[in-house]
Each structure stands twice: as C-alpha cells, then as structure tokens.
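Biologist: I am new to this structure and would like to know what lies behind the words used for it. Could you take me through them one at a time?

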Amino acid sequence: MSTSMKNRLKVLRAERDWSQADLALRLDVSRQAVNAIETGKHDPSLPLAFRISRLFAMPIEAIFNDSNGGQNGA
Amino acid sequence: MIAMEVKMARDKDPLTPREARNRTIMALSMVIGGFFAAALIAGSQWMGESNNAYWDSLGAFSGPLPPLLTVALAALWGIVLPIISLFWMRTIDEHERSAYRDGAEVAAFAYMMGAPIWWILWRGGLVAEPDGVFIFFTFNSIYLAVWLWRKYH
C-alpha cells in the first residue's frame, strides 16, 4: 500500500515568496514536480529530498514527515 | 546567476530550462510522428488501396507500401526514435519518469489482460481476428493517457 509523506514545502516556499516555478528552477525539476510534491502526489527521491533540505538549510525531517510521525521504532 | 534565472522565469518564461528542453524534444517527436503518418498515407496511396476498408477509412494502416519507404520508416522508428528517447530520458525529472513508468505499468497490464481475451474469444469464433496495429495503438493510448494524467493531475 502506498502512503505519501506530508511536507512543509508550500509553507517554506511561501515564506520566501517563491512561486512553484521559482522553486522548480532552484531544484532543477519541472513545476509539475514541485506541485506534485507539495500536494503529496509524489514522494521525492532521497537525492531530491537532500537538495530540498540543502536549499532550505533545514534537516529533511523538518520538511518531511511520514505517517508514523517520525517514530521509526528504533 | 540563479537569481537572474529565477527573475527570467518570473518575468518571461514560466518553464524551467529542463522543462523547456523536455517540450522541445516532445515537439520534435510529434513532428517526426506527423512525418511518419504522412509517409504512411502517401505510400499507401502510391501503392493503391489496401485490402482492409476499415483501416483505409482511418488513414491507411494496412496494405502494401513501397519497399524503400518501409526501410526508411523502419530505420526512423528503430534508430532515430531510440536516440531521441535516450536524450528525453536524460532530460526529464524524477516526477515525469515516475508518471511515464506508471503509464507503462498500466498499459502493460491492459495488454496482458486484453490481448489474450481477444485472442481466446477469436478462437471461439465470437470476435474478429486480433489486429496487431489496433492493439499497438490501444496500448499507446492507455500509456499516454496515464502518463499525462499522472504528470498534470
């Protein structure tokens, strides 16, 4: 069963007054990709998640969280 | 540098360079597809009517073609198209690649379900003989529909 992650991408983008196209250009992806990630229709790969993390200077888990609420059972 | 590109994206072109390259390749592919279709129709007309009135009505999908034209079209499909596809696959981002693979998955499933059903019903004398060209176009239509749906919806 597929579960998509929730994320704060839209909020972080809005805080910087960036359009989806602006963010897409900075991440080197299409605007549709940014929209799909923001709406939870596409979970980014680990390399793209790291690019997002570096762009916003925040740890990945501060931008994305899965349905377990960060509890990985470790 | 990137600030300038962002400004340009805002002011003029909403497409990222990657997406612009993507669309250029897609446009080129459509031009080649149009050329391919036009050559099929012209070649079929050159050779006279085909033996299948139904496909004739859709634009000459069956019947004989000039041999030299078939070699040229086969080379176009078998050599030029894979090269363009390779450039395209290196251009698209992971979201589009995912949408493309979803389209392939659904179309392959439809093929694996639909083609044997048609074939077995034909063996029972209930339907017309399976048509490879029809199956090919149906497969690609499903492929394209799912791919675009996953990309833009």
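Modeller: Gladly! Let us begin with contacts: two residues are in contact if their C-beta atoms, placed from the backbone, lie within 7 Å. Among contacts in chain A between residues at least 6 apart in sequence, 50% join residues at least 24 apart. Please keep in mind that this is a predicted model.

Biologist: Which elements make up chain A, and in what order do they run?

Modeller: Chain A has five helices and two strands. Starting at the N terminus, the order is β-α-α-α-α-α-β.

Biologist: What makes α2(A) largely enclosed by the rest of the structure?

Modeller: A residue is buried if 20 or more other C-beta atoms lie within 10 Å of its own. Six of the eight residues of α2(A) are buried, so this helix is largely enclosed by the rest of the structure. The buried ones are A:Asp22, A:Leu23, A:Ala24, A:Leu25, A:Arg26 and A:Leu27. After α2(A) comes A:Asp28, with a positive phi near 60°.

Biologist: Why is A:Gly40 called partly exposed?

Modeller: Its count falls between the two limits: a residue is buried at 20 or more neighbours and exposed at 12 or fewer. A:Gly40 has 13 C-beta neighbours inside 10 Å, so it counts as partly exposed. You will find A:Gly40 in the loop between α3 and α4 of chain A. Leaving aside residues up to four places away in sequence, A:Gly40 touches A:Ser4 and A:Lys6. A:Gly40 and A:Asn7 are 33 residues apart in sequence, with 7.7 Å between their C-alpha atoms.

Biologist: How many residues of chain A are in contact with chain B?

Modeller: There are 16 residues of chain A in contact with 16 residues of chain B. On the side of chain A that touches chain B, α2(A) gives the most, with five residues. The residues of that side divide into seven nonpolar, five polar and four charged.

Notes:
Residues are numbered from 1 along each chain as its sequence is written. Chains are lettered from A and ligands numbered from 1 in the order in which they are written. This is a predicted model: local features need pLDDT of at least 70, side-chain atom pairs count only at pLDDT 80 or more; totals for chains, interfaces and linings use all residues. Helices (H or I, at least four residues) and strands (E, at least two) are DSSP runs, numbered from the N terminus. Ala, Val, Leu, Ile, Met, Phe, Trp, Tyr, Cys and Pro count as nonpolar, Asp, Glu, Lys and Arg as charged, and the others, Gly among them, as polar.
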